[in-house]
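Me: I'd like to learn how to read salt bridges in a protein structure. Can you walk me through some?

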Amino acid sequence: MNVGVRTVSVTLGDNPPRRLDKALSVFAPVEFNLSRSRVQRLIQGHAVTRKGVVHCNPDFRVSAGDTWHIALPNIHDAPMRAEKIPLNIVHEDSDLVVVDKPAGMVVHPARGNRSGTLVNALLHHCGDTLRGIGHERRPGIVHRLDKDTSGLLVAAKSDSAMIELSAQFESREVRRRYLGLIRGSPGKAGLGFDGLGGTVFEKCGVVRIQANIGRHPTNRLKQAVVYSGGRNAVTRFRVLEQLVGGGVSLAEFWLETGRTHQIRVHMARIGHPLIGDQLYGSGVRLLPNSIGETKQEVVANFPRQALHSARLEFRHPGTGKTEVFESEFPSDIKQLYHCISER
């Protein structure tokens, strides 16, 4: 294992936390996994600068718009292995590959998941040419799905496709539609979202949630809605069908932004978390007792968030043509839906 150094630039957004250590941990790209304690060690180790000046005080007062530079140790692990893992390939050409990812598969190797990932599988499927595309630990990956979210994902197979697709995601040109099962029925019986700033009803039953997302202050595995700092996040959704008396709803979601755990965080924020979400769904009452013990147990024991990336639309980097791909619910969510919708 070789260790080098890479410089990470972090520009502070609006209303950052006042302390340097906390501000950097909030605004640093999430892929670098910079907790506040780690940032403190980097600051104290003379690894943080602004305008060429080293800052060693974690309590230094910062301002919005400041750009800081972190000299981050760049650990090169042993080369990623190509692994013969079955993939559901929806589309493939010389520029890209669209995969229907199963729940339980991590997208790219990271601490705790060094093998069995989508990247390991793509390296075997596409060959060594993929290794040089994009980030060394995430070759070809231009967006992600959570481990336990299923559905459509596109990966680049050439440098030009990587650049073009990344630009489309950055400019919010890519359209993503998710389907999921949530607790309760938002807006049922005319109820609004009093006290939840940034959450409003739009036309045709669409609800728009705008709330900044950043790292949870105490649980490093979670993201959270934050009122100081964080990154702008906008989710739209609407209820397609109410099930078991409104105890569960089938909903569709559209992402205007693409923050980590965005749909899960926003839905938990308004009190309607995804069925099966072990990280964000605790503490919310499940279903009315009147629906029976069997359905209660099925919902309570569903092992992952019932969320599926069902539609992906983007401009093909090679042809310029708009491509649209769709995917049905996988078998586990289908079974859950049919169980709770039976009379």
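Me: Let's start with one side chain: is Lys 334 buried, partly exposed or exposed?

Reply: Keep in mind that this is a predicted model. To place a residue, look at its relative accessible area: under 20% counts as buried and over 50% as exposed, with partly exposed in between. Lys 334 has 34%, so it is partly exposed.

Me: Which residue does Lys 334 form a salt bridge with?

Reply: The idea is to look for a side-chain nitrogen of Lys or Arg within 4 Å of a carboxyl oxygen of Asp or Glu. Here the partner is Glu 328, and the closest N and O atoms are 3.2 Å apart. Glu 328 is exposed, at 61% relative accessible area.

Me: How many salt bridges does the structure hold?

Reply: There are 19. One of them joins the side chains of Arg 264 and Asp 146, at 2.9 Å from N to O. Arg 264 sits in helix H5, while Asp 146 is in the loop between helix H3 and strand E7, so this pair ties together parts that are 118 residues apart in sequence. Arg 264 is buried, at 7%.

Me: And where do Asp 332 and Arg 304 lie?

Reply: Those two side chains meet in a salt bridge at 3.0 Å, N to O. Asp 332 is in helix H7 and Arg 304 in the loop between helix H6 and strand E15, 28 residues apart. Asp 332 is partly exposed, at 26%, whereas Arg 304 is buried, at 4%.

Me: Which residues are linked in a network of salt bridges?

Reply: That network links Arg 19, Asp 21, Arg 36, Asp 59 and Arg 61.

Technical notes: Residues are numbered from 1 along each chain as its sequence is written. This is a predicted model: local features need pLDDT of at least 70, side-chain atom pairs count only at pLDDT 80 or more; totals for chains, interfaces and linings use all residues. Side-chain values use heavy atoms; hydrogens and water are left out. Helices (H or I, at least four residues) and strands (E, at least two) are DSSP runs, numbered from the N terminus. Buried means under 20% relative accessible area, exposed over 50%, partly exposed in between (1.4 Å probe, protein chains only).
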